[in-house]
Amino acid sequence: MKRVITYGTFDMLHYGHINLLRRAKEQGDYLIVALSTDEFNWREKQKKCYFSYEKRKMLLEAIRYVDLVIPEESWEQKKSDIHEYHVDTFVIGDDWKGKFDFLKEEGAEVVYLERTPEISTTQIKHDLNGK
Ligand code: C2G
């Protein structure tokens, strides 16, 4: 049982997120998503989500590729998550390329997947405001 983990905000879920989650699941048999809490988003990423953590969690749990959703509350937790959840592979979009290579020292494979072009939560908000 190969266990994969990925991290993110996943606000206003869209096909770019689904592309990422599908390919992340393809890396193994069990996919854990560490979902950024509202507090972490605001404190560390200055992101104010449209959907609350509970709603974003509910949406993710409805996706066939996702097996478990846990909270992401700090940048540091990735190291301990690898051990606590017996993770074999860490996956994230290539906008983060190189940023999490240190996780290899924890024994995890680190995979950066190509982002889906043209779509982002920011773009959706911009387009809706423009109309
Ligand atoms: N993503 C993608 N293609 C897009 C948009 C997003 O592949 N068009 C990917 C991102 O690369 C990321 C995941 O979908 O792997 C979630 O994206 P965000 O919610 O924007 O996550 P982010 O703010 O990058 O948070 O500790 C890591 C952070 O929590 C990552």
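In this predicted model, the ligand sits in the largest pocket.

The shell holds 21 residues, and F10, K47, E72, K78 and I119 come nearest to the ligand. By class, the shell has seven nonpolar, eight polar and six charged residues.

| Residue | Protein atom | Distance to a ligand oxygen atom |
|---|---|---|
| T9 | backbone N or O | 3.0 Å |
| S36 | polar side-chain atom | 3.4 Å |
| K78 | polar side-chain atom | 2.7 Å |

The ligand exposes 640 Å² when taken alone, and the protein buries 95% of that area.

The largest pocket itself has a volume of about 670 Å³. Its lining is made of 32 residues, of which T9, H17, K47, D95 and R115 are the closest to the pocket centre. At least two lining residues come from each of β1, α1, β4 and α5 (121-130). Here too α1 gives the most, supplying four residues of the lining. The lining divides into nine nonpolar, twelve polar and eleven charged residues.

Two residues link these descriptions. K47 is among the residues that come nearest to the ligand and also among those closest to the centre of the largest pocket. T9 is likewise among the residues closest to that centre, and a backbone N or O atom of T9 lies 3.0 Å from an oxygen atom of the ligand.

Terms used:
Residues numbered from 1 in each chain as written. Predicted model: local features only at pLDDT ≥ 70, side-chain atom pairs only at ≥ 80, totals over all residues. Heavy atoms only, no water. Near = heavy atom within 4 Å. Polar contact = N/O pair within 3.5 Å; in protein donor to acceptor, adjacent residues only side chain to side chain. Areas by Shrake-Rupley, 256 points an atom, 1.4 Å probe, with all protein chains shown as cover. 1 Å grid on protein atoms, 1.4 Å probe; cavity = no way out; pocket = protein on both sides within 12 Å on 5 of 7 lines; lining within 4 Å. Sits in = over half its atoms within 2 Å of the grid points. Nonpolar A, V, L, I, M, F, W, Y, C, P; charged D, E, K, R; others polar. Points joined across faces, edges and corners; volume = space filled by probe spheres on them.
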